[in-house]
Amino acid sequence: LEAAINDHEPRLNRVQAAPDVKARSSQQLRFHIKAVLSVSPLHEPVDFDAVLNATTQQYEVNAARPTR
């Protein structure tokens, strides 16, 4: 996943992607993604959650949920 993001979104650097092991579903794969968004002159950290629906093959991207 990190390689795909690096290949297709050049504005994101230092990408870290991890599966959300707490969310278990046979129909969805959930990931937490951290990166640095580089849009000159800014370099801002970003943090978001992505969900792949296995049935429809569509992604949903949301602001990261707060960790507890």
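Start by selecting Arg11, which is partly exposed, with a relative accessible area of 45% (buried means under 20% relative accessible area, exposed over 50%, partly exposed in between, with a 1.4 Å probe and protein chains only). A word on what you're looking at: this is a predicted model, where local features need pLDDT of at least 70, side-chain atom pairs count only at pLDDT 80 or more, and totals for chains, interfaces and linings use all residues. Residues are numbered from 1 along each chain as its sequence is written, and side-chain values use heavy atoms, leaving out hydrogens and water.

What do the side chains of Arg11 and Glu9 form? They meet in a salt bridge, 2.7 Å from N to O (the rule asks for a side-chain nitrogen of Lys or Arg within 4 Å of a carboxyl oxygen of Asp or Glu). By that rule, the count comes to one salt bridge. Side chains of opposite charge can pair when their charged atoms come close.

Next, hop to Ser38, in strand β2. Setting aside neighbours within four places in sequence, Ser38 is in contact with Arg11, Asn13 and His43 (contact means heavy atoms within 4.5 Å). The Ser38 side chain makes polar contacts with the side chains of Asn13, at 2.7 Å, and His43, at 2.9 Å. A polar contact here is a pair of N or O atoms within 3.5 Å; within protein, one must be able to donate a hydrogen and the other to accept it, and residues adjacent in sequence count only if both atoms are side-chain atoms.

Now colour the strands (DSSP runs of E, at least two residues, numbered from the N terminus). β1 and β2, residues 28-39, pair in the antiparallel sense over six bridges; pairing takes at least two DSSP bridges between two strands. Zoom out, and four strands form an open antiparallel sheet in the order β1-β2-β3-β4. β1 (12-19) and β4 (58-63) each have a single partner strand, so one side of each lacks a neighbour in the sheet.

Last stop: select Ile5, Leu12, Val15, Ile33, Ala35, Phe48 and Ala50, the seven residues of the largest nonpolar core. Such a core is a set of buried Ala, Val, Leu, Ile, Met, Phe, Trp, Tyr and Cys residues joined through side-chain atoms within 4.5 Å. β1, β2 and β3 (42-53) each give two or more residues to this core.
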